[in-house]
Amino acid sequence: MAKKTNEHGAGTPATVALTTAGIAFTPHLYQHDAGATNFGLEAAEKLELDPDRVFKTLLADADGQLVVGIVPVTGTLDLKALAAAVGAKKAVMADPKLAERKTGYVVGGISPIGQKTAHTTVIDESAILFDTVFVSGGRRGFDIELSPDALASVTAGSFAPIGRQ
């Protein structure tokens, strides 16, 4: 896999973080449809990928702390399992505006990598079934392909069963 930024030159905070860390990744651009509302499934369709390999980045409030949950776009985040994974009693979805402020990304383009503020990160354990997975590269229409271990390394993340079909 190449270590490079997108074809437009300037990298996103995600690509900068990966390059700085020396982590191999492959950028994938696609034409984002402004009318799309399920950004992860759109990425899978446009990049002609098995949607189980494409992961979405969600932020939750777990006992007052923002936590990143990374789950396949084909399912949902199990908030009870996420709370348990981080030792919290309860988790609820974070307000989208707060998520944008704390990550520096817009909804639909929130990357788990290179966020403005580092958050505890949990990756659904299904990621380890694949040699590589896809996550947002930091904007709509841009995904990054990397190994699950590289994703865990760059986000200081852990694996747990937090996804639900």
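E1 and E8 run antiparallel to each other and are joined by four bridges; strands here (E, at least two residues) and helices (H or I, at least four) are DSSP runs numbered from the N terminus, and two strands count as paired if DSSP finds at least two bridges between them. This is a predicted model, in which local features need pLDDT of at least 70 and side-chain atom pairs count only at pLDDT 80 or more, while totals for chains, interfaces and linings use all residues. Residues are numbered from 1 along each chain as its sequence is written, and side-chain values use heavy atoms, with hydrogens and water left out.

Leu29 sits opposite Phe142 in E8. The pairing belongs to an open, antiparallel sheet of three strands, ordered E1-E8-E7. Its edges are E1 (26-29) and E7, each with pairing on one side only.

Now for helix H5, at residues 148-155: Pro148, Ala150, Leu151, Ala152 and Thr155 are its buried residues, where buried means under 20% relative accessible area with a 1.4 Å probe, protein chains only. They pack against strands E3 (65-72), E6 (120-124), E7 (133-139), E8 (142-146) and E9 (158-160), with contact taken as heavy atoms within 4.5 Å.

As for annotation, an unreviewed UniProt entry puts the feature "domain: YbaK/aminoacyl-tRNA synthetase-associated" at residues 42-152; UniProt positions follow the numbering used here, feature names are shortened, and annotations may be inferred rather than shown by experiment. Across residues 42-152, the chain is 23% helix and 34% strand, with the end C-alpha atoms 24 Å apart.

Definitions and conventions. Buried means under 20% relative accessible area, exposed over 50%, partly exposed in between (1.4 Å probe, protein chains only).
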